[in-house]
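Here are a few friendly notes to read alongside the model.

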Amino acid sequence: HYLISFLPRRDDEGRMTGVEGIARDVTDLMRLQQELRRNEALFRGIVETILDVVWRADPEGRLVFVNRGIAGRSAQQCLAGGGLRLSDLFVPGSRAFFEQAFELVQRTGKPALNVDTELLGPGGEVAAWLRTNLSPWTGPSGETAGVQGVTRDITAVRGLERAVREADRRAEQARRLAAVGEVVAGIAHEVRNPLQNILAGA
């Protein structure tokens, strides 16, 4: 591939007398652009089919990229008006925790893993539990451009954890009741033996 530029050739009086051309071989540049387009299509294809939410946010925590909607908002709604501020999605306690993790990633340049937060529902209730892995987003010159992350809905996992804890609590309660039953049976046996001896002697 060649990029050709033409310039008019003029005489001393400014009349065009011909054309001069410069040709540059841009084969490598074209190959790099095609490779970039292929890689971008591959990246988009992967990211758009992931069930988790993949996002990038500027240093203020506003979304600049998101692969799918969050909390009933479409991806377009999340990015509209300068981008949704991620921490606004969470209940107050989770909001502060998420903001601390976000700031830590920006300050240290190190990831923050398994950041669990509670998603704020329309009535102020906890709508879902989310787990996010955050990492620094670096720009082309290596500068920190913001934070990026992957967020997963772990509400079902939390429900299972709660069910397991409840089952463990009930099993422990049953073990304690069984132990109390054994003690009571032992006491009853000890009380019954002397009474039988007394009654037998009477």
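Is Trp55 buried or exposed? Trp55 is buried, because its relative accessible area is 2% (buried means under 20%, exposed over 50%, partly exposed in between, with a 1.4 Å probe and protein chains only).

Before the points, a word on the basis. This is a predicted model, in which local features need pLDDT of at least 70 and side-chain atom pairs count only at pLDDT 80 or more, while totals for chains, interfaces and linings use all residues. Residues are numbered from 1 along each chain as its sequence is written, and side-chain values use heavy atoms, with hydrogens and water left out.

1. Let's begin with the rings. There are 3 aromatic pairs, counted for Phe, Tyr and Trp (its six-membered ring) when ring centres lie within 6.5 Å; planes under 30 degrees apart are stacked, over 60 edge-to-face and the rest tilted. Trp55 and Phe98 have ring centres 6.4 Å apart and planes at 55°, so this pair is tilted. It joins distant parts of the chain, with Trp55 in strand β3 (residues 53-57) and Phe98 in helix α3 (residues 92-108), 43 residues apart. Helices (H or I, at least four residues) and strands (E, at least two) are DSSP runs, numbered from the N terminus.

2. Phe98 is also buried, with a relative accessible area of 3%. Its pair with Phe102 is tilted, at 6.2 Å centre to centre and 40° between the planes. Ring pairs link Trp55, Phe90, Phe98 and Phe102 into a cluster.

3. Next, the packing around these rings. The largest nonpolar core has 23 residues, and Trp55, Leu63, Val66, Ile70, Leu86, Phe98 and Leu134 touch the most other members (a core is a set of buried Ala, Val, Leu, Ile, Met, Phe, Trp, Tyr and Cys residues joined through side-chain atoms within 4.5 Å). Helix α3 gives the largest share of this core, 4 residues.

4. Leu86 deserves a look of its own. Leaving out residues up to four places away in sequence, Leu86 touches Trp55, Ala57, Gly61, Leu63, Ile70 and Phe98, where contact means heavy atoms within 4.5 Å.

5. Finally, the outside. Phe6 is found in strand β1 and is exposed, with a relative accessible area of 60%. In soluble globular proteins, nonpolar side chains tend to be buried together.
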